[in-house]
Amino acid sequence: MDSDLPEYIDDGREKHASMEFEADFIDLGTIKHGEVITYTFQFTNTGNVPLVVKDIIAGCGCTKTKLSKEVVKPNDNATLEVVFDSRGWYGTQFKSVTLVSNAVTPKRSVTLKVNVVK
């Protein structure tokens, strides 16, 4: 069997891409001020055409991202690594990252929660 998936999997549904996260919210507990933490969100294209990530919007400059691939074939997985630098932040923090794509729901956000202490 050819390892390349077709552009469209004819499964009886209309053509669409869909981004489904294993989890879109994670509480990483308490960290010390100045720590840099990383969490990797995993998602699957549950649609039947390639999912194309067009943009990644981080909520602030303290949050960096790394996407494993910009085009995700149907039934394939990808990851979004989110890195939060806690310097300058104290208390409970919610840091969100939004992915913009060609999916049925074009904007999907993931969120990290951390409590930053001295």
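Ser18 is buried, with a relative accessible area of 14%, where buried denotes under 20% relative accessible area, exposed over 50%, and partly exposed in between (1.4 Å probe, protein chains only). The residue lies in the segment before E1; helices (H or I, at least four residues) and strands (E, at least two) are DSSP runs, numbered from the N terminus. Apart from neighbours within four places in sequence, Ser18 is in contact with Thr44, Asn45, Thr46, Gly47 and Ala103, contact being defined as heavy atoms within 4.5 Å. The model is predicted, so that local features need pLDDT of at least 70 and side-chain atom pairs count only at pLDDT 80 or more, while totals for chains, interfaces and linings use all residues. Residues are numbered from 1 along each chain as its sequence is written, and side-chain values use heavy atoms, with hydrogens and water left out.

An open sheet is formed by 4 strands in the order E1-E3-E7-E5, with antiparallel pairing; two strands are taken to pair if DSSP finds at least two bridges between them. Strand E1 (19-21) and strand E5 (63-67) are the edge strands, each pairing on one side only. From one strand to the next, the twist averages 30°, with axes given by lines fitted to C-alpha atoms (for helices over the stretch in contact) and angles running from 0 to 180 degrees between N-to-C directions. E1 is joined by 3 bridges to strand E3 (residues 36-45), and the two run antiparallel. Within this pairing, Met19 stands opposite Asn45 in E3.

A further open sheet comprises 5 strands in the order E2-E9-E8-E4-E6, and its pairing is mixed. Strand E2 (25-32) and E6 stand at the edges with a single partner strand each, so one side of each is left without a neighbour in the sheet. Strand E4 (residues 51-58) is joined to strand E8 (residues 91-101) by 5 bridges, in antiparallel fashion, and Ala58 stands opposite Val97 in E8. Between E8 and strand E9 (residues 107-117), which also run antiparallel, there are 10 bridges. Among the facing residues, Ser96 has Thr111 in E9 as its bridge partner, and Gly91 stands opposite Val116 in E9. A hairpin through 5 residues connects E8 to E9.

The largest nonpolar core contains 25 residues, of which Phe43 and Phe84 touch the most other members. Such a core is a set of buried Ala, Val, Leu, Ile, Met, Phe, Trp, Tyr and Cys residues joined through side-chain atoms within 4.5 Å. The elements contributing two or more residues to this core are E1, E3, E4, E7, E8 and E9. Beyond its neighbours within four places in sequence, Phe43 is in contact with several residues, including Met19, Phe21, Leu51, Leu67, Val72 and Leu80. In soluble globular proteins, nonpolar side chains tend to be buried together.

The count comes to 1 disulfide, defined as a pair of cysteine sulfur atoms within 2.5 Å. This disulfide is formed by Cys60 and Cys62, with their sulfur atoms 2.1 Å apart; both cysteines are buried.

Asn75 has a positive phi of about 65° although it is not a glycine. Asn75 is located in the loop between strand E6 (71-72) and strand E7 (77-85), and counts as exposed at 56% relative accessibility.
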